[in-house]
Amino acid sequence: IGVFTIEFLLRLWSAEPSRKTFLLTVSNWIDILAIAPFYIEVATNLVTTSRQLNLGGMIIFRAIRMTRVFRAFKLSKYNTDLQIVGLAMTTSLDALVLLILLLVIGMILFGSVIYFVEQSAAEFDDDQVLWIRKSDGVEHHFQSIPHSF
């Protein structure tokens with residue numbers, strides 16, 4: 001985070017022709033959204049002394065911090081290799097969508113099969129609300145169809 005902050009502040013300091021146009025650029029707002037959650041989290045940790053405080057809202061800031069990934073898209077303007085990769089991805093988009101669709105169908109199909117086959121070796125425990133293996137009484141790996149993916 002420190003490197004990103006220093007880099008952003010240096011770009012702000014050396015902004016040509018004005019800092020106002022620099023701050024109005026969308027890519028710079030993405031950089032601000034990527035850097036700010038860290039400092040907000042640090043500030044809230046300094047203000048709150050209790051470690052027991054539930055900061056569920058900080059998850060939103062951590063998700064916003066993931067916008068750093070968009071910085072890679074800015075690099076594609078300057079690198080012809082990344083432009084070629086982007087062009088190849090856009091021209092083969094139909095094939096990629098078909099591949100992902102077939103992969104998801106296979107996951108659902110075989111996940112369902114393994115779930116129902118394995119359930120013959122388990123019984124449901126109402127007290128623990130879990131599937132338990134009959135052979136050794138241990139919690140079963142496949143509690144639901146998504147667990148079997």
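Tutor: We will go through the features step by step.

Tutor: This is a predicted model, so to begin with the ground rules: local features need pLDDT of at least 70, side-chain atom pairs count only at pLDDT 80 or more, and totals for chains, interfaces and linings use all residues. Residues are numbered from 1 along each chain as its sequence is written, and side-chain values use heavy atoms, with hydrogens and water left out.

Student: How many helices and strands does the chain have?

Tutor: Helices (H or I, at least four residues) and strands (E, at least two) are DSSP runs, numbered from the N terminus. This chain has 7 helices and 2 strands. Along the sequence, the pattern reads α-α-α-α-α-α-α-β-β.

Student: What does "buried" mean?

Tutor: Buried means under 20% relative accessible area, exposed means over 50%, and partly exposed lies in between (1.4 Å probe, protein chains only). Here, 17% of the 149 residues count as buried.

Student: Is asparagine 28 buried or exposed?

Tutor: Asparagine 28 sits in helix 3 (residues 26-47). Asparagine 28 counts as buried because its relative accessibility is 4%.

Student: Which residues is asparagine 28 in contact with?

Tutor: Contact means heavy atoms within 4.5 Å. Leave aside neighbours within four places in sequence, and asparagine 28 is in contact with Phe8, Arg11 and Phe22. Contacts can also be sorted by separation in sequence. Of the contacts in the chain with a separation of 6 or more, 44% are between residues 24 or more positions apart.

Student: Arginine 11 is on that list. Which residue does the side chain of arginine 11 meet in a salt bridge?

Tutor: A salt bridge is a side-chain nitrogen of Lys or Arg within 4 Å of a carboxyl oxygen of Asp or Glu. By this rule the count is 1. The side chain of arginine 11 meets that of glutamate 7, at 2.8 Å from N to O. Both residues lie in helix 1 (residues 2-13), 4 residues apart, which is about one turn of the helix. Arginine 11 is partly exposed because its relative accessibility is 22%. Glutamate 7 is also partly exposed, at 26%.

Student: What does the side chain of serine 112 reach?

Tutor: That calls for the polar contact: a pair of N or O atoms within 3.5 Å. Within protein, one must be able to donate a hydrogen and the other to accept it, and residues adjacent in sequence count only if both atoms are side-chain atoms. The side chain of serine 112 reaches the backbone oxygen of isoleucine 108 at 2.7 Å. Serine 112 is in helix 7. Serine 112 counts as buried because its relative accessibility is 18%.

Student: Which residues form a nonpolar patch on the surface?

Tutor: Patches are made of residues with over 30% relative accessible area and no salt bridge; like charges are joined within 9 Å, nonpolar side chains (Val, Leu, Ile, Met, Phe, Trp, Tyr) within 5 Å. Accessible areas come from the Shrake-Rupley method with a 1.4 Å probe, and for residues, only the protein chains shown count as cover. Leu98, Leu101, Leu102 and Ile105 form a nonpolar patch, with about 380 Å² of accessible area together. Isoleucine 105 lies in helix 7 (residues 93-118). Isoleucine 105 counts as partly exposed because its relative accessibility is 45%. For the chain, the accessible surface is about 11,500 Å², and 71% of that belongs to carbon and sulfur atoms.

Student: In which sense do strand 1 and strand 2 pair?

Tutor: Two strands pair if DSSP finds at least two bridges between them. Strand 1 (residues 122-125) and strand 2 (residues 130-133) pair in the antiparallel sense, over 4 bridges. Alanine 122 stands opposite arginine 133, and aspartate 125 has leucine 130 as its bridge partner. The hairpin has 4 residues between the strands, and valine 129 takes a positive phi near 55 degrees there.

Student: What else does aspartate 125 touch?

Tutor: Not counting residues up to four places away in sequence, aspartate 125 touches Leu130 and Ile132. Aspartate 125 is partly exposed, with a relative accessible area of 21%.
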